[in-house]
Every structure is written in structure tokens, then in C-alpha cells.
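I opened my notebook for a first look at this structure. Here is what I looked up, in the order I went.

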Amino acid sequence: METAMATLMEKKKREQKTLYYFSRVLIYILLILGALMIFFPFAWTVSTSLKTDKQVLEFPPSWIPRPIAWENYPRALTVRPFHIYFRNTFLIAGIAVFGMVLSSSVVAYGFARFRFPGRNVLFFILLSTMMLPSNLLIVPRFILFKLLGWLDTFLPLTVPTFFGSAFSVFLMRQYLMGIPLEYDEAAKIDGASPLRIFTSVILPLMRPALGAVAVFEFVNVWRDFMGPLIYLSSEKNYTVSLGLAAFRSEFFTEWNLFMAAATVAMVPPLIMFFIAQKYFISGASLTGSGGSKG
């Protein structure tokens, strides 16, 4: 009897071990396939950026260009004033990130730490704005900014960020709900005001959430095409996305130059992500697990 039970237990352990290794292999296969799907467009972009005009139109297409046309990069960045486009985009992104982080953190602090009538109702109304289609706001915003005389300036692309966004407020509020109230109470005992508590206690603890919001906002501004297209008309105010669109004409598109400029345009968001990677990953993961306190 004991021998049969031992044999049964050993068989069960082998089955569990086999199932464990099978699931791990399956997970790794799915991850590799997902990585390849994401890497494929990037590799094709870089490959096309190094081809000549003739190689771009070859069929079947070749992955490795021969010869390698390194001159496409200086041509792509000088055929149009991309130094101006990059300057404008960095300026808009910097102001937008600062405004979004500042405003969203203040609003999230209010929702997470203060008790007042209608708090949950106001938070629900704020979250409900995320369900509004962005296309629905294009015409009202255009009319408003036209009446204010802001067209063909950076103001329509930067000023709204100082009013925060529902997603950023939600992200930071969830993170704040996971910070113990004892920190606030200890600061109050020392005579700190709510503003002092926010700047000296809460903000340093919110660095992961702040980093996540900063990365999200920078990437959103960097790849934004519709906003600059609607509000900017002078080439001196163009962003990188508008500069890339200028490579496409009605009859012909210089795909090698377009891909070269697009490859360079991908570098700043990648650098931004790797710089803030630690804060971004921890902030994005922890904000989903701290909504039960307070």
C-alpha cells in the first residue's frame, strides 16, 4: 500500500514538473514571437533607411542593402529644416511634461488625501471624461483657440496640459492611495501645512508615478500628429511628426529618406524611456495595486 502511494506521488510530481516546464517553454515562445512582431517594423525601417532609391522599389525586397547608403541620413535631415522641427518638438514636450506632472500630481493629491463632500462623485466625473472620443473635441477646441488668437502658436499644444488629464490623475491617485497616511500625520505633528506635506513628503515618494506620467506624456507629445496638423500652419513651428509627413507627396514618396528621418525621430523617446525605465516600470506596476487604502 505504501509503495503504491509513493509511486502515485512520484508520478504526480513528475506530471507537475512536466507541466511546469511545458508552461515555461510556451510562455517563452509567446514572448519571443511578440518580440519579433514588435522588432520587425523597426528592423524594416532601419533597413529601408539605408537603401538607394532603386533598392527601395526592388521586388522581392531585400533585407540587407547593397551598397549601404549612409548618405540618406544627412540628406533626410537637411532636405528639410529638421533641426527646427526637433527644437520645436523638444520645447513643446518639455513644457507639456512639466505641466502634466505638476497639475496631475496636485489634483491626485487632493483626491487621495482630502475628505470633502462629493469627492467620489467628482472623481467619477473626471474618469468619465476618458470615455469621450478625442475627435469629438477637435472642433470645439479649434473654435476656442481661434477666438483666443492661439492658432499657429505652441499654446494649444502646451496650455491644456496644465489642466491635467484623467488618466494621469488616476495613475497618480492610485499610487498615492498605497502610501500610508502615517507619513502625513507625522508631518502634521511637526507643524507642516498640506502644501509642505505635498512638496516635502509626498512628491519624493511619488517619483515612480511621476516618472511613469512623464514618459507617457513625452511619448504622446512626440508622436502627436493631429494636434500640430490642426493648430500649426507655419513651417517654422512644425514638429517632427509634421516634418516626416512632408516627405509624402501626391505622386511620389522618398521612402529611404522618410525611413531615415523616422529612425532618427525614434531615438529621443527611446532615450527618455531608458533614462526613466526604473521609475516607469515600478510606477506603472504599483499604481494598479494600491486602491484600497484611505
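**Annotated spans**

I began with residues 121-143, whose end C-alpha atoms lie 30 Å apart; this span is 61% helix and 0% strand. For helices I used DSSP runs of H or I with at least four residues, and for strands runs of E with at least two, numbered from the N terminus. I noted that this is a predicted model, where local features need pLDDT of at least 70, side-chain atom pairs count only at pLDDT 80 or more, and totals for chains, interfaces and linings use all residues. Residues are numbered from 1 along each chain as its sequence is written, and side-chain values use heavy atoms, with hydrogens and water left out.

I then checked residues 257-276 and found 90% helix and 0% strand, with end C-alpha atoms 30 Å apart. Both spans carry the "transmembrane region" annotation in the unreviewed UniProt entry; such annotations may be inferred rather than shown by experiment.

**Helix H11**

How many residues of H11 are buried? I got 12 of the 16, so H11 is largely enclosed by the rest of the structure. Buried means under 20% relative accessible area, exposed over 50%, and partly exposed in between, with a 1.4 Å probe and protein chains only. Among the buried ones I listed Phe 218 and Trp 222. H11 covers residues 207-222 and reaches 22 Å from its first C-alpha to its last.

**Helix H1**

My last stop was Ile 32, which sits in helix H1 (residues 2-49). I wrote Ile 32 down as exposed because its relative accessibility is 51%.

How values were computed
Expected span 1.5 Å × (residues − 1).
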